[in-house]
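Here is a friendly briefing to read alongside the picture. Take a moment to look at the fold before you start.

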Amino acid sequence: MSTDDTKLLMEYFDDKVEKILDGVEAVIDKKVRVIVQEELVPIKADIRIIKAAVTATNQDVQNLKSRVTVLETT
């Protein structure tokens with residue numbers, strides 16, 4: 001087998017491998033999009049709710065501390 005034959009074979013297989021990789025990347029992109037829509041978007045909404053609840057709880061705790069301090073000083 002000559003060097004030219006080897007180069008031709010390498011180019012042929014490089015092209016085939018590149019096409020396979022493109023197909024695999026397309027499948028991965030599609031699956032990632034589905035995961036983002038089905039999993040991450042609802043999680044982000046849940047995190048917003050949790051942040052709001054924690055913020056409200058922290059405000060309640062601060063208010064409670066103030067009220068207890070007032071009661072302790074009287």
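Val41 sits in helix H1. This is a predicted model, in which local features need pLDDT of at least 70 and side-chain atom pairs count only at pLDDT 80 or more, while totals for chains, interfaces and linings use all residues. Residues are numbered from 1 along each chain as its sequence is written, and side-chain values use heavy atoms, with hydrogens and water left out.

**Overall shape**

- The protein chain has 1 helix and 0 strands; helices (H or I, at least four residues) and strands (E, at least two) are DSSP runs, numbered from the N terminus.
- The C-alpha trace of the protein chain spans about 100 × 25 × 10 Å along its principal axes.
- The radius of gyration of the protein chain is 30 Å, whereas a compact globule of 74 residues would have one near 11 Å. This radius is taken over C-alpha atoms, and the globule rule is 2.2 Å times the number of residues to the power 0.38.

**Exposure**

- Of the 74 residues in the protein chain, 0% are buried; buried means under 20% relative accessible area, exposed over 50%, and partly exposed in between (1.4 Å probe, protein chains only).
- The protein chain has an accessible surface of about 7000 Å², and 63% of that belongs to carbon and sulfur atoms. Such areas come from the Shrake-Rupley method with a 1.4 Å probe, and for residues only the protein chains shown count as cover.

**Nonpolar patch**

- Val41 is partly exposed, with a relative accessible area of 41%.
- Val41 also belongs to a nonpolar surface patch of about 720 Å², whose members include Ile20, Val24, Leu40 and Ile47.
- Patches are made of residues with over 30% relative accessible area and no salt bridge, joining like charges within 9 Å and nonpolar side chains (Val, Leu, Ile, Met, Phe, Trp, Tyr) within 5 Å.

**Charges**

- Glu11, Asp14, Glu18, Asp22, Glu25 and Asp29 form a negative surface patch; Lys and Arg count as positive and Asp and Glu as negative, while His and the chain ends are not counted.
- Asp14 lies in helix H1, which covers residues 3-73.
- The whole structure holds 1 salt bridge, meaning a side-chain nitrogen of Lys or Arg within 4 Å of a carboxyl oxygen of Asp or Glu.
- That salt bridge joins the side chains of Asp15 and Lys19 (3.5 Å, N to O).
- Asp15 and Lys19 are 4 residues apart in helix H1, about one turn of the helix.
- Asp15 is partly exposed at 36% relative accessible area, and Lys19 is exposed at 52%.

Notes: Charge placed at Lys NZ, Arg CZ, Asp CG, Glu CD.
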